[in-house]
Amino acid sequence: MQNAPVVFGLGNTFIDCSAVASHELLEKYGLQFGVPGNLTEQQIPVLNELGQLEGYHEMPGGSTLNTVRAINYLMKNKYNRENTVMYFGAIAKDEKGETIKRFLDDEGILYKFDEHEIEETEVNENGSTTVTKTNFTGQ
């Protein structure tokens with residue numbers, strides 16, 4: 001079993017986005033330069049504007065997945081070992097979920113996702129984005 005994964009990660013799957021935005025755009029939505037955080041319901045529209053900017057980039061994220069990606073990079077590039085990292089998580093059956101899978105395929109990360117049909121995405125009281133699941137099979 002020399003090629004079996006040696007690192008397993010289980011966590012919340014997110015999509016991190018990156019863009020070079022103007023100070024005016026940040027001010028428009030009450031965001032501060034260099035300060036990470038969750039968006040409020042009033043700030044969610046900034047995502048549409050960021051997506052239109054040149055250089056906008058989405059990548060899989062979340063603490064566990066970022067850690068798994070870093071370990072995978074080290075295993076491939078320093079130790080020349082493939083298929084040593086596996087990630088478990090949940091995603092929506094939508095374009096964003098497919099984006100995450102394509103990205104992980106390109107990086108050579110093994111994965112298993114619990115995929116859900118979603119009805120809507122909402123922002124809860126602490127500013128975190130939550131997904132309302134429908135057609136949950138529990139498989």
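**Entry 1: strands β1 and β4**

I began with strand β1 (residues 7-10) and strand β4, which run parallel and are joined by 4 bridges. Helices (H or I, at least four residues) and strands (E, at least two) are DSSP runs, numbered from the N terminus. I looked up the partner of F8 and found that F8 is bridged to M86 in β4. I then checked burial, where buried means under 20% relative accessible area, exposed over 50%, and partly exposed in between (1.4 Å probe, protein chains only).

**Entry 2: basis and confidence of the model**

I noted that this is a predicted model, in which local features need pLDDT of at least 70 and side-chain atom pairs count only at pLDDT 80 or more, while totals for chains, interfaces and linings use all residues. Residues are numbered from 1 along each chain as its sequence is written, and side-chain values use heavy atoms, with hydrogens and water left out.

I looked up pLDDT, the predictor's confidence in each residue, from 0 to 100. The protein chain has an average pLDDT of 81, and 83% of the residues score at least 70. Over residues 123-139 the pLDDT stays under 50, and for this stretch the model has 32 contacts beyond four places in sequence. Contact here means heavy atoms within 4.5 Å.

**Entry 3: E58 and its surroundings**

I turned to E58, which is found in strand β3. Which residues is E58 in contact with, leaving aside its neighbours within four places in sequence? I found I15, D16, C17, K96, T99 and F103.

I next looked for salt bridges, each being a side-chain nitrogen of Lys or Arg within 4 Å of a carboxyl oxygen of Asp or Glu. The structure holds 5 of them. One of these joins E58 and K96, whose closest N and O atoms are 2.5 Å apart. K96 is partly exposed, at 36% relative accessibility.

I also listed polar contacts, that is, pairs of N or O atoms within 3.5 Å; within protein, one must be able to donate a hydrogen and the other to accept it, and residues adjacent in sequence count only if both atoms are side-chain atoms. The side chains of E58 and K96 are joined by such a contact of 2.5 Å. The side chain of E58 makes another polar contact, of 2.8 Å, with the side chain of Y56.

Between E98 and K101 the closest N and O atoms are 3.0 Å apart. Both residues lie in helix α4, 3 residues apart, about one turn of the helix. E98 counts as partly exposed at 34% relative accessibility, whereas K101 counts as buried at 13%.

K101 also forms a salt bridge with E115, with 3.3 Å between the closest N and O atoms. K101 lies in helix α4 and E115 in strand β5 (residues 110-123), so this pair ties together parts that are 14 residues apart in sequence. E115 is partly exposed, with 28% relative accessibility.

**Entry 4: aromatic rings**

I searched for aromatic pairs, counting rings of Phe, Tyr and Trp (its six-membered ring) if their centres lie within 6.5 Å; planes under 30 degrees apart count as stacked, over 60 as edge-to-face and the rest as tilted. By this rule the count comes to 3 aromatic pairs. Y111 and F113 make a tilted pair, at 5.2 Å centre to centre and 35° between the planes. Y111 is partly exposed at 23% relative accessibility, and F113 is buried with a relative accessible area of 8%. Together with Y87, these residues form one aromatic cluster.

Last, I checked backbone angles. Most residues other than glycine have a negative phi. N80, however, has a positive phi near 55°, and N83 has a positive phi of about 55°. N80 sits in the loop between α3 (63-77) and β4, and N83 is placed in the loop between α3 and β4. Are these residues buried or exposed? N80 is exposed, with a relative accessible area of 65%, while N83 is partly exposed at 34% relative accessibility.

Definitions and conventions
Two strands pair if DSSP finds at least two bridges between them.
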